[in-house]
Amino acid sequence: MIDELIKILNHKDIEWEIYWEIGRGSSFKIERCELVRAQRKYHSGIGLRVGYKGKVGFSYITGINHDKTSLERFVNRTIKLAKVSEVPFYGFSTNNKNRKVKSLYDRKIEEMSFDDAYSIALLLTEKERELKERLGVEYAFSGGIAFGMSTDGIANSNGIEKIEKTTGMSVNIHIVKRAEKSGSGSYYRGFRLMPDFGKEFSVGLERALEEVELSYSAKKINGYHGEIILEPHAVASLVSILMSNLYGDNVYHKRSRFSKIGDSIASESFTLIDDATLEGKLGSYSFDGEGNPSQRTVLIEDGILKGFLFDEAYAKLMNAKSTGNAVRDFRTVPHIGNSNVIIDGKRENLEDLEKAVVVKRVFGEHTANPLSGDFSLTIELGYLIENGEVKPFKDNMFAGNIFELINLIINVGKEKEEVGSFLSPRVLILGKII
Amino acid sequence: MNIDRLIKKAEELAGRYGVTYYEVRVVKISVAHLEMQNSHLEEISSNMEIGIGVRAFQGAWGFSSANDIGRAEKAIETAMKIAKLMKGSSKVYLNDPIKDRAEIKAKKPFINVDLDEKLELVKTVDKFLEDNDIVNRKVSYGDGLKWQFYFNSLGSEIETIIPRIRLSFSATAKKGNEMQSYWKIFGGTGGWEIVEDVDLEYWTAFVKEKSKSLLNAQLPPSGEFDVIMDPELAGVFIHEALGHASEGDAIKNGESILEGKLGEKIAVEELTVVDDPTLEGKFGSYIYDDEGVKARRVEIIKDGVLNEYLLDRETAAYFDMEPNGHGRAQSYNYQPLVRMSNTYIEPRDWSFEEMLSEVKRGLYLIGDKGGEVDIANGTFMFGAKEGYLIENGEIKAHIRDVALSGKILDVLKNIRAIGKDLKVEFPGYCGKGQWVPVDDGGPHVLTRALVGGLL
């Protein structure tokens, strides 16, 4: 049917681009050690952009089984929109380069039957039940697994035609402990390829349990100002406040603190990279929502601003090249977004410390002000290490300014951890706990 | 698509798979969206979408959805197969069948307003926001007309039509390296009249002025303070501090700190908190929820006592209660979850001036920047757009945006005064793995919280 649509479009005197998706997603949810809900969802659709006399029109249809008449209607509707649209058209991608990022697809996930997935979910349920029996009524276990596959395709009037099939899978575990006090612990991990579930569940439950025990005995501490180690989860929350300042559209429209490449904006110990080409990572892809090949883009290197993220339109507006960061689905027009974000810098050993203040998780980063950089976040969990002994704390706030904070980075740890599409080591900073 | 055929098919498949309960939502939604930044139109779109979502229950839920309507019957079958496979032991609340057709009426349906006119509105706002000190202007308009046909195995057949409209704009001011922005959001259930009634000239000037004056505002202090919240901030406060923890699924799953506290006094006696989807024209309003249960006003806290949880069919059955119409789904392709609608604090009799005179050293905080809650630990946080220092009952220096944090069970008992000036007009979206439109508000409220300032 895509061929049919392309044939129709080629007969019109327009520039065009289609982005299509066919996919399905399934998940199982566990509540109080019971498998209580499961789902299998299907989606498909085509987004069409039409460039006509310097303007662009967009619309989409759901489903990919349409007859010629409805495809004609779809095309004509979008052309009509382009004719009345005032959205400027900057051209579609001409980059025919084919990049293939490895390990984003696993046939085993695509072909996994629902019954097999059900057995995997049952395995997690049983492991949680065993733990519950051992630990007692104070503990409530929940969690789940999810998996899915998607085929994404792009074609345009410049001769671009690309297609990619990807798979994904995730595990999440949540434990609450409640007696006189309360505590919680959680674990999340996503994969492109089928993991060893037995091992993954054991690791996940162990980590979540460690966290729940820390959280249960954690108390608010007095304010503190000085060296703080941020664990990868907390680093990801903070760096997410910074990211929109590195998007080309925000720079162009002056909604960014940054404007000039080459400026020194952070500590020499800090490097930040966007990389969609990493093998098997959650934020990886071979081509972006406009068909541009994915790439590795250094944003900040040793404290120096090195680059911004671009899609086709803002690259043209700013005399730059697309960095392959057009994010979209068939329902939306492309927007600039990040892929995998790598945090790096001057590496030191930040493990096995005798004395430290460590912030493990914070929440509320969406309330921060990405323009002024001010943030005040709640500390979900942290701990003090004194003479090798761990004393957990929570309910304090971690406040600061992101533009100052990146200048107060002392060094970063040697080992990176995945937090969604962030890859971060521990980071040592100067900061303030309230 | 032939609905009668689907109803028959579902019945037949349920017989084949031995499913005790099922429900189907067929949704048709028409959406328009426009976005402009610094006079640069970034999006103008108008789309229509049809989809189906099916839930089947056999001790546990199976769900399937499709947006290719050719797969409608397949979706029904898939949901039923899953439910059967799961062999669960949960219960679900079953009521008498309801046959109804309900519509939230618009005075001036936006579906009859040309895209040109919508573009004109966006341009007008953009123009009004122009100013030498404003480096960025952003305007966003959206409307959506949702037609839904709900049917279930009990014989309910409910057709609903809900129009929802939203206009938001922001201004960013810059001086040297300092940048500040301010924004305002308008919206509700209804028609074009909702945006027509907005005094655009006034509110664009207001937003510009605020963003500029914030450049000169002081850094907020940090530590525990007496805090007066304005109605907008009181809304997000109660949404985070109480709303989420009172959602039936959080209680049932042993995750909420409010588990087992029904009937207990958890707040000051003056506090009554309501969640009401039946309020006229509000952004979080609806007539039936996505489980075919009639929406109803719920008093979560009544005179300081935890009075009622928000419930859907499943949590109601678990607690041996009746559902109160709070099972909501983002769209046809999501399973309903227990959600809030329009949440607010009931007014009492304090005037703002009386409240102010109570505060020796504290903060007056204004506007909603969103929030988040950790219901297991009972800790929540929320952000204010701006504020003022209060010294000896007087409003002093202007301060920048700041977030606050508190413990649910402490802060509800720390409320010292509740004002008489109720406002519920702060439309937004609430996220819980799915996004649903909500509104919240309250009168001015005086409490004590941890302020995460930079000084």
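In strand β2 of chain B, V54(B) is the residue that stands opposite V24(B). Strands here are DSSP runs of E at least two residues long, helices are runs of H or I at least four residues long, and both are numbered from the N terminus; two strands pair if DSSP finds at least two bridges between them. The model is a predicted one, in which local features need pLDDT of at least 70 and side-chain atom pairs count only at pLDDT 80 or more, while totals for chains, interfaces and linings use all residues. Residues are numbered from 1 along each chain as its sequence is written, and chains are lettered from A and ligands numbered from 1 in the order in which they are written.

Strand β1 (residues 21-37) of chain B runs antiparallel to strand β2 (residues 40-57) of chain B, with 17 bridges between them. Together β1(B) and β2(B) form a hairpin with two residues between the strands, and N38(B) in the turn has a positive phi of about 45°. β1(B) is also joined to strand β5 (residues 134-152) of chain B, again in the antiparallel sense, through 15 bridges. In that pairing, I29(B) faces K146(B) of β5(B) as its opposite residue.

Two residues are in contact if their C-beta atoms, placed from the backbone, lie within 7 Å. Not counting residues up to four places away in sequence, A79(B) touches Y22(B), V54(B), R55(B), A56(B), G62(B), F63(B) and S64(B). A79(B) and A83(B) touch the most other members of the largest nonpolar core, which has 197 residues. Such a core is a set of buried Ala, Val, Leu, Ile, Met, Phe, Trp, Tyr and Cys residues joined through C-beta atoms within 7 Å. A residue is buried if 20 or more other C-beta atoms lie within 10 Å of its own, exposed if 12 or fewer do, and partly exposed in between, with C-beta atoms placed from the backbone. In the core of 197 residues, the greatest contribution is that of helix α2 (residues 72-86) of chain B, with eight residues. A second, separate core of 54 residues includes Y19(A), V75(A), A82(A) and L34(B).

The two chains also meet directly. Contacts link 55 residues of chain A with 67 residues of chain B. On chain A, the elements giving two or more residues to this side are β2 (34-52), β3 (55-62), β4 (139-156), β6 (182-191), β15 (374-386) and β17 (397-401). The largest share, 12 residues, comes from β2(A). By class, the side of chain A that touches chain B has 17 nonpolar, 24 polar and 14 charged residues; Ala, Val, Leu, Ile, Met, Phe, Trp, Tyr, Cys and Pro count as nonpolar, Asp, Glu, Lys and Arg as charged, and the others, Gly among them, as polar. β2(A) runs parallel to strand β3 (residues 61-66) of chain B, to which five bridges join it. Here A38(A) stands opposite G62(B).

Within chain A, an open sheet of mixed pairing contains six strands in the order β10-β9-β8-β13-β20-β19. β10 (304-305) and β19 (417-419) of chain A are at the edges with a single partner strand each, so one side of each has no neighbour in the sheet. Strand β8 (residues 270-275) of chain A and strand β13 (residues 341-345) of chain A run antiparallel and are joined by five bridges; T271(A) stands opposite D344(A) there. Helix α6 (residues 232-243) of chain A lies across β13, β19 and β20 (422-424) of chain A, at about 125° to β20(A). Axes are lines fitted to C-alpha atoms, for helices over the stretch in contact, and angles run from 0 to 180 degrees between N-to-C directions.

G185(A) belongs to strand β6 of chain A. G185(A) counts as buried because 23 C-beta neighbours lie inside 10 Å. Leaving aside neighbours within four places in sequence, G185(A) is in contact with I175(A), A208(A), L209(A), E210(A), E211(A), V212(A) and S215(A).

Buried residues make up 56% of the 434 residues in chain A and 56% of the 455 residues in chain B. The C-alpha trace spans about 75 × 55 × 35 Å along the principal axes of chain A, and about 70 × 55 × 35 Å along those of chain B.
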